[in-house]
Amino acid sequence: MKDLRQDLIMAATHFYDRSWMVGTAGNLSARLADGSFWITASGKAKGRLTEQDFIRMNVDGQIIEKPQPDNRPSAETSIHQAIYQCFPEAQACYHVHSIEANLVSRFTQNQDLLLPTIEMLKGLGVWEENPQVTIPLFINHLEVPKIADDISARLAISPPQIPALLIRDHGVTVWADATAKAYNYVEVIEYIFRYMVAEASLYSNPK
(Lines give C-alpha, C1' and ligand atoms only; values in the text may rest on other atoms or scores of the structure.)
Protein backbone atom coordinates (compact mmCIF):
# COMPACT_ATOMS: atom_id res chain seq x y z
CA MET A 1 0.00 0.00 0.00
CA LYS A 2 1.24 3.48 -0.87
CA ASP A 3 2.51 5.57 2.05
CA LEU A 4 0.55 8.83 1.82
CA ARG A 5 3.31 10.62 3.67
CA GLN A 6 5.27 10.61 0.43
CA ASP A 7 2.53 12.66 -1.22
CA LEU A 8 2.58 15.10 1.68
CA ILE A 9 6.36 15.43 1.53
CA MET A 10 6.28 16.12 -2.20
CA ALA A 11 3.52 18.72 -1.80
CA ALA A 12 5.24 20.43 1.13
CA THR A 13 8.51 20.67 -0.80
CA HIS A 14 6.74 22.28 -3.74
CA PHE A 15 4.77 24.69 -1.57
CA TYR A 16 7.92 25.60 0.34
CA ASP A 17 9.65 26.38 -2.95
CA ARG A 18 6.73 28.68 -3.82
CA SER A 19 7.10 30.47 -0.44
CA TRP A 20 3.69 29.22 0.69
CA MET A 21 5.14 27.16 3.57
CA VAL A 22 8.07 29.26 4.72
CA GLY A 23 10.03 27.78 7.61
CA THR A 24 7.67 25.63 9.66
CA ALA A 25 4.46 27.37 8.55
CA GLY A 26 1.45 25.46 7.28
CA ASN A 27 0.36 21.86 7.66
CA LEU A 28 -0.79 19.00 5.45
CA SER A 29 -2.72 15.85 6.21
CA ALA A 30 -3.97 12.75 4.42
CA ARG A 31 -6.59 10.29 5.57
CA LEU A 32 -6.17 6.51 5.76
CA ALA A 33 -8.77 3.82 5.14
CA ASP A 34 -9.53 3.46 8.86
CA GLY A 35 -10.37 7.17 9.17
CA SER A 36 -7.16 8.16 10.92
CA PHE A 37 -4.87 10.68 9.25
CA TRP A 38 -1.21 11.54 8.94
CA ILE A 39 -0.47 15.19 9.67
CA THR A 40 2.77 17.14 9.70
CA ALA A 41 4.14 17.39 13.24
CA SER A 42 4.57 20.78 14.89
CA GLY A 43 7.73 22.77 14.25
CA LYS A 44 8.97 20.82 11.23
CA ALA A 45 10.66 22.65 8.35
CA LYS A 46 8.36 22.05 5.41
CA GLY A 47 11.15 22.10 2.84
CA ARG A 48 12.96 19.19 4.52
CA LEU A 49 10.28 16.75 5.66
CA THR A 50 10.87 13.03 6.07
CA GLU A 51 8.48 10.22 6.97
CA GLN A 52 9.55 10.70 10.59
CA ASP A 53 8.07 14.22 10.68
CA PHE A 54 4.42 13.20 10.95
CA ILE A 55 1.90 12.07 13.53
CA ARG A 56 -1.03 9.72 12.90
CA MET A 57 -4.21 10.74 14.67
CA ASN A 58 -7.89 9.89 14.72
CA VAL A 59 -10.63 12.44 14.12
CA ASP A 60 -11.20 12.72 17.88
CA GLY A 61 -7.68 14.08 18.34
CA GLN A 62 -6.05 11.00 19.84
CA ILE A 63 -2.50 10.17 18.79
CA ILE A 64 -2.25 6.70 17.24
CA GLU A 65 1.33 6.71 16.01
CA LYS A 66 4.35 9.02 16.11
CA PRO A 67 7.63 7.94 14.52
CA GLN A 68 9.63 10.24 16.80
CA PRO A 69 8.85 10.39 20.54
CA ASP A 70 9.20 14.17 20.69
CA ASN A 71 6.80 14.81 17.79
CA ARG A 72 3.88 17.04 18.76
CA PRO A 73 0.64 17.50 16.83
CA SER A 74 0.46 20.54 14.59
CA ALA A 75 -1.04 23.56 16.33
CA GLU A 76 -3.72 23.54 13.62
CA THR A 77 -4.71 19.89 13.91
CA SER A 78 -8.17 20.93 15.10
CA ILE A 79 -8.83 22.60 11.73
CA HIS A 80 -8.07 19.34 9.92
CA GLN A 81 -10.35 17.49 12.34
CA ALA A 82 -13.14 19.96 11.63
CA ILE A 83 -12.79 19.46 7.87
CA TYR A 84 -12.78 15.67 8.11
CA GLN A 85 -15.83 15.74 10.37
CA CYS A 86 -17.74 18.17 8.14
CA PHE A 87 -16.82 16.42 4.90
CA PRO A 88 -16.61 12.61 5.29
CA GLU A 89 -15.54 12.30 1.64
CA ALA A 90 -12.42 14.41 2.25
CA GLN A 91 -9.22 12.37 2.11
CA ALA A 92 -6.68 15.20 2.23
CA CYS A 93 -6.54 18.64 3.84
CA TYR A 94 -3.83 21.18 2.95
CA HIS A 95 -3.25 24.47 4.75
CA VAL A 96 -0.66 26.97 3.47
CA HIS A 97 0.38 30.52 4.35
CA SER A 98 0.94 32.82 1.39
CA ILE A 99 1.33 36.58 1.21
CA GLU A 100 -1.45 36.81 -1.37
CA ALA A 101 -3.92 34.88 0.81
CA ASN A 102 -3.31 37.31 3.65
CA LEU A 103 -3.68 40.33 1.38
CA VAL A 104 -6.97 39.24 -0.20
CA SER A 105 -8.38 38.41 3.23
CA ARG A 106 -8.32 42.16 3.84
CA PHE A 107 -10.33 42.96 0.71
CA THR A 108 -13.61 42.64 2.63
CA GLN A 109 -14.98 42.80 6.16
CA ASN A 110 -17.70 40.31 5.27
CA GLN A 111 -17.79 36.61 6.12
CA ASP A 112 -17.32 35.69 2.46
CA LEU A 113 -14.86 36.91 -0.16
CA LEU A 114 -16.12 37.21 -3.73
CA LEU A 115 -13.77 35.59 -6.23
CA PRO A 116 -13.21 36.92 -9.77
CA THR A 117 -15.01 35.34 -12.70
CA ILE A 118 -12.01 33.80 -14.39
CA GLU A 119 -11.32 30.52 -16.16
CA MET A 120 -9.31 29.07 -13.25
CA LEU A 121 -12.49 28.61 -11.23
CA LYS A 122 -13.02 25.46 -13.28
CA GLY A 123 -10.05 24.01 -11.43
CA LEU A 124 -12.16 24.20 -8.26
CA GLY A 125 -15.14 22.48 -9.89
CA VAL A 126 -17.05 25.60 -10.94
CA TRP A 127 -18.36 25.21 -14.52
CA GLU A 128 -21.11 27.83 -14.60
CA GLU A 129 -21.09 30.79 -16.94
CA ASN A 130 -20.32 34.06 -15.11
CA PRO A 131 -20.49 32.40 -11.68
CA GLN A 132 -20.78 34.35 -8.45
CA VAL A 133 -18.43 32.33 -6.29
CA THR A 134 -17.36 33.18 -2.76
CA ILE A 135 -14.87 31.64 -0.34
CA PRO A 136 -15.83 31.61 3.35
CA LEU A 137 -13.69 33.89 5.51
CA PHE A 138 -13.02 33.24 9.19
CA ILE A 139 -11.59 35.29 12.05
CA ASN A 140 -8.02 34.40 13.00
CA HIS A 141 -8.47 33.70 16.71
CA LEU A 142 -5.29 33.24 18.74
CA GLU A 143 -6.64 29.93 20.04
CA VAL A 144 -6.79 27.70 16.95
CA PRO A 145 -9.49 25.37 18.36
CA LYS A 146 -11.78 28.41 18.40
CA ILE A 147 -11.17 28.83 14.65
CA ALA A 148 -11.99 25.14 14.21
CA ASP A 149 -15.21 25.56 16.21
CA ASP A 150 -16.24 28.47 13.97
CA ILE A 151 -15.50 26.38 10.89
CA SER A 152 -17.52 23.41 12.15
CA ALA A 153 -20.49 25.51 13.19
CA ARG A 154 -20.71 27.51 10.00
CA LEU A 155 -19.93 24.85 7.39
CA ALA A 156 -22.35 22.38 8.96
CA ILE A 157 -25.14 24.86 8.20
CA SER A 158 -23.79 26.45 5.02
CA PRO A 159 -21.40 24.28 2.97
CA PRO A 160 -19.09 26.37 0.79
CA GLN A 161 -19.36 26.61 -2.98
CA ILE A 162 -15.77 25.44 -3.37
CA PRO A 163 -13.62 23.08 -1.26
CA ALA A 164 -11.67 25.90 0.35
CA LEU A 165 -11.81 28.41 3.18
CA LEU A 166 -9.76 31.44 4.14
CA ILE A 167 -8.64 32.58 7.59
CA ARG A 168 -8.08 36.30 7.81
CA ASP A 169 -4.37 37.28 7.93
CA HIS A 170 -3.50 33.59 8.21
CA GLY A 171 -3.89 31.40 5.15
CA VAL A 172 -6.05 29.16 2.99
CA THR A 173 -7.22 25.60 3.65
CA VAL A 174 -8.42 23.22 0.94
CA TRP A 175 -9.70 19.66 1.04
CA ALA A 176 -10.32 16.94 -1.54
CA ASP A 177 -11.01 13.25 -2.02
CA ALA A 178 -7.38 12.61 -3.00
CA THR A 179 -3.97 14.11 -2.23
CA ALA A 180 -3.32 14.92 -5.90
CA LYS A 181 -6.56 16.87 -6.12
CA ALA A 182 -5.83 18.81 -2.92
CA TYR A 183 -2.42 19.71 -4.36
CA ASN A 184 -4.12 21.08 -7.49
CA TYR A 185 -6.69 23.00 -5.44
CA VAL A 186 -3.93 24.82 -3.57
CA GLU A 187 -2.26 25.84 -6.81
CA VAL A 188 -5.55 26.99 -8.36
CA ILE A 189 -6.75 29.05 -5.38
CA GLU A 190 -3.32 30.64 -4.96
CA TYR A 191 -3.37 31.58 -8.66
CA ILE A 192 -6.74 33.24 -8.12
CA PHE A 193 -5.41 35.13 -5.10
CA ARG A 194 -2.40 36.35 -7.09
CA TYR A 195 -4.77 37.51 -9.84
CA MET A 196 -6.84 39.43 -7.31
CA VAL A 197 -3.79 41.16 -5.82
CA ALA A 198 -2.48 42.06 -9.29
CA GLU A 199 -5.89 43.35 -10.37
CA ALA A 200 -6.20 45.50 -7.24
CA SER A 201 -2.74 46.91 -7.83
CA LEU A 202 -3.56 47.69 -11.47
CA TYR A 203 -6.70 49.64 -10.64
CA SER A 204 -5.15 51.45 -7.69
CA ASN A 205 -2.23 52.64 -9.81
CA PRO A 206 -3.69 53.54 -13.23
CA LYS A 207 -1.26 54.88 -15.83
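How far apart are the mean positions of the positive and negative charges of the protein chain? In this predicted model, the mean positions of the 18 positive and 24 negative charges are 4 Å apart.

The protein chain contains five helices and nine strands. Their order along the sequence is α-β-β-β-β-α-β-α-β-β-α-β-β-α. The radius of gyration is 17 Å, close to the 17 Å given by the globule rule for 207 residues, so the chain is as compact as a globular protein of that length. Along the principal axes, the C-alpha atoms fill a box of roughly 55 × 35 × 35 Å.

Of the 207 residues in the protein chain, 49% are buried. The accessible surface of the chain is about 10,200 Å², and carbon and sulfur atoms account for 52% of this surface. When contacts between residues at least 6 apart in sequence are considered, 62% of them join residues at least 24 apart.

The cysteines were examined for disulfides. A disulfide is a covalent bond between the sulfur atoms of two cysteines. The structure holds zero disulfides. For Cys86, the closest cysteine sulfur is that of Cys93, at 11 Å, which is too far for a bond; the cut-off for a disulfide is a pair of sulfur atoms within 2.5 Å. Cys93 is likewise in no disulfide, and its nearest cysteine sulfur is that of Cys86.

Glu65 belongs to strand E4, which covers residues 63-65. Glu65 has a relative accessible area of 33% and is therefore partly exposed. Apart from neighbours within four places in sequence, Glu65 is in contact with Trp38, Ile55 and Arg56. Between Glu65 and Val126 there are 61 residues of separation in sequence and 38 Å in space, taken from C-alpha to C-alpha.

Ala148 lies in helix H4, which spans residues 144-157. With a relative accessible area of 4%, Ala148 is buried. If residues up to four places away in sequence are not counted, Ala148 touches Ser78, Ile79 and Ala82. Ala148 is 41 residues from Phe107 in sequence, and their C-alpha atoms are 22 Å apart in space.

The backbone angle phi was also considered for two loop residues. Ser19 is a residue other than glycine, and its phi is positive, near 65°. Ser19 is located in the loop that links helix H1 (4-17) to strand E1 (27-31). The relative accessible area of Ser19 is 45%, so Ser19 counts as partly exposed. Asn130 is not a glycine either, and its phi is positive at about 50°. The loop that holds Asn130 runs between strand E6 (112-114) and strand E7 (134-138). Asn130 has a relative accessible area of 58% and is therefore exposed.

Conventions:
Residues numbered from 1 in each chain as written. Predicted model: local features only at pLDDT ≥ 70, side-chain atom pairs only at ≥ 80, totals over all residues. Heavy atoms only, no water. Helix = DSSP H or I, 4+ residues; strand = E, 2+ residues; numbered from the N terminus. Rg over C-alpha atoms; globule rule 2.2 N^0.38 Å. Buried < 20%, exposed > 50% of the residue type's maximum accessible area, 1.4 Å probe, protein only. Contact = heavy atoms within 4.5 Å. Areas by Shrake-Rupley, 256 points an atom, 1.4 Å probe, with all protein chains shown as cover. Lys, Arg positive; Asp, Glu negative; His and termini not counted. Charge placed at Lys NZ, Arg CZ, Asp CG, Glu CD.
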